[in-house]
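Student: I would like to learn how to read a protein model feature by feature. Please give the general idea each time, and then the case at hand.

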Amino acid sequence: MTDHGQPAEGLHHYVKILRRHRWFILGSMVIIPAVVLAVSLLQPTRYSATARVIAQSQSPSVSVAVGTNLGLSDPDERELQTLASFVVTREIAERVAEEINWSGQATTLMEDVTAEADPAANVINVTAVQPSPDEAAAVANAFANQFLLWYQESLQKSLDEAIDQITEQVRLARPGSTEHATLVERRGQLEVLKPLVSGGLRMGEAAQPPLAPSSPQPMRNTALAVAAGLMFGLGIAFLRDSLDVRLHSSKEITEHTSLPIVAEIPELRRHEHNTTKVVVLDEPRSPHAEAYRFLRANVDFINFNGDVKVIVVSSPAPSQGKSTTIANLAVALLRTGRRVAVVDGDLRRPSLHRFFQLSNTRGVTDVVAGAATLADATQTITLGGRTRMPVASMSSRVRATAAAESQARAGAGKSKSSGAVDEHDAPRGLKLLLLTSGAVPPNPGEIVGSRQFGRILSELGEKADYVLVDAPPMFAVGDATAMAPWVDGLLVVLHLKDTTADTVKRVDDFFTRTPTRALGLVVTGVPTTARGGYHYASE
């Protein structure tokens, strides 16, 4: 990839993540704002009013008259923060409660009042929140006024202490001396200036009753919640994606393996999970049936030399669709005139007999043990339209061969006169050979690895163009490996939602250890949107 292509690829990756988790993101953008809106509407209405106290330098004449630095110059940021911290105190609250005739505890007033210093403007903002506009303004102004009075009283108290000290010095000084006269003069100045000292604090702007409530603000809160929901959804989406080790498309699977993907089977509808429906028979015009016909076409391409007859189908883990794939592939091959035999080699959890509504009284285990012949254990199924009619044994198929060939010749003649016959309307009487598993044995791995099992596949191969063998999951047990000497290739079925990069790597490693030809991967459970909406109704 060129440098010009990397940004586009990265953007495409992010788009895929957003598309994959779109419902979670949208849910966050709906649920979180809805909760915030509901909470906002349930909150009581509150009003906020602010009184502004200005902090500035005292008149220079005061410092000169006093003759000492009482801290009356412009306060710096730290001093302003210190002053603001004394606005909302218990002492001030008790003064306010008395001023406004507050009926409750004085300390409750402190819960809804804040004082914040603004060093840039040398201002202390005293803000009160109350249920009504008038109450909010009254409480804010009361706290500001009582703080100013308290601060002024504190300064005057300091001056009183200074006057007392000078009075003591006057008493000790010799009457008539210069020192005595100076002390008396200074004491007089302090007594004159005492009522004028304010410490540079004064009410700059009284609080006014607000015209609109400060809370709740449903529209603002909801808008902020939408933004928060979007950020939360995006964050969780990317977090989940980083922790998600699954592969989400066939393209991602191909990036981790050299094996070809020979078919993509659409995801089943919810009510169809864990069923034994053969869609190629029951819904021949559905996208699912089309996908299995595509698999059949690829199997024919793989077998262009005619060297692939016995095919084992397995999967990395249970419940990934291997048995469903075999049943539908078998029917799709039959509809093109191929002779097909199906063998249930999963002797641990056999299931193929249920797809064709047959009993499992005799099968592989009986033939290997010598309790039955292959002809007696093999069941022939007549398939046509929407019916599946089991015939007693393979010998019945031999007796019906002449009739089937007669029907085929009649059909061929008809097709020459009236055009090609649609595959979905193929003549009735398609014959499928099915060898079920038989009774579950105590040693299934030894049975499928035995020469007797190999002879079964060889004999069926003489009567059929394809022999499809269902094998247990390849990573759970070693049965698929034990079958390797008797088969021509292996198809691996992967369920997309259960597939990780490690799974695909283990599949590759399996083929490096096992002398089995890899025919390719069948990916099941593929979302319809991932496959595209276009498909043929028939071939």
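Student: Where is S319 found?

Tutor: Helices (H or I, at least four residues) and strands (E, at least two) are DSSP runs, numbered from the N terminus. S319 lies in the loop between strand 6 (310-314) and helix 13 (322-334). Its phi is positive, about 60°, although S319 is not a glycine.

Student: Is S319 buried or exposed?

Tutor: Buried means under 20% relative accessible area, exposed over 50%, and partly exposed in between (1.4 Å probe, protein chains only). With a relative accessible area of 67%, N101 is exposed; S319 is exposed too, at 64%. N101 also has a positive phi near 60° and is not a glycine. N101 sits in the loop between helix 5 (90-100) and helix 6 (106-110).

Student: What kind of model is this, and how are residues numbered?

Tutor: This is a predicted model, with residues numbered from 1 along each chain as its sequence is written. Local features need pLDDT of at least 70 and side-chain atom pairs count only at pLDDT 80 or more, while totals for chains, interfaces and linings use all residues; side-chain values use heavy atoms, leaving out hydrogens and water.

Student: Where is confidence lowest, and where is it highest?

Tutor: pLDDT is the predictor's confidence in each residue, from 0 to 100. The protein chain averages 81, and 81% of the residues score at least 70. Confidence is lowest in helix 17 (residues 394-418), with a mean of 36, and highest in strand 11 (residues 466-470), at 96. Over residues 385-422 the pLDDT is below 50, and this stretch has 51 contacts in the model beyond near neighbours in sequence. A contact means heavy atoms within 4.5 Å. Residues 532-539 also have a pLDDT below 50, with 14 contacts beyond near neighbours in sequence.

Student: How many helices and strands does the protein chain have?

Tutor: The secondary structure comes to 22 helices and 13 strands. Of the 539 residues of the protein chain, 42% count as buried. Among contacts between residues at least 6 apart in sequence, 80% join residues at least 24 apart.

Student: Which residues have the most contacts inside the largest nonpolar core?

Tutor: In soluble globular proteins, nonpolar side chains tend to be buried together. A nonpolar core is a set of buried Ala, Val, Leu, Ile, Met, Phe, Trp, Tyr and Cys residues joined through side-chain atoms within 4.5 Å. The largest one here has 41 residues, and those with the most contacts inside it are I311, V342, F356, L432, L468 and L491. Helix 13 gives the most to this core, with 8 residues. A second, separate core of 40 residues includes L433, V467, A471 and M474.

Student: Why is helix 13 described as largely enclosed by the rest of the structure?

Tutor: Because 12 of its 13 residues are buried, helix 13 is largely enclosed by the rest of the structure. Among the buried residues are K322, S323, N328 and L334. Its length can be checked as well: the expected span of a helix is 1.5 Å times one less than its number of residues. For the 13 residues of helix 13 that should be 18 Å, and the end C-alpha atoms are 18 Å apart, which agrees.

Student: At what angle do helix 12 and helix 13 pack?

Tutor: Axes are lines fitted to C-alpha atoms, for helices over the stretch in contact, and angles run from 0 to 180 degrees between N-to-C directions. Angles under 35 degrees count as roughly parallel, over 145 as roughly antiparallel, 65 to 115 as roughly perpendicular and the rest as oblique. Helix 12 (residues 287-302) and helix 13 pack at about 70°, with axes 9 Å apart. The two helices are therefore roughly perpendicular to each other. Residues of helix 12 such as Y292, L295 and V299 are among those that meet helix 13, where T325, N328 and L329 are included.

Student: Which peptide bond is cis?

Tutor: The bond from S215 to P216 is cis, with omega near -5°. P216 is in the loop between strand 4 (201-205) and helix 9 (218-243).
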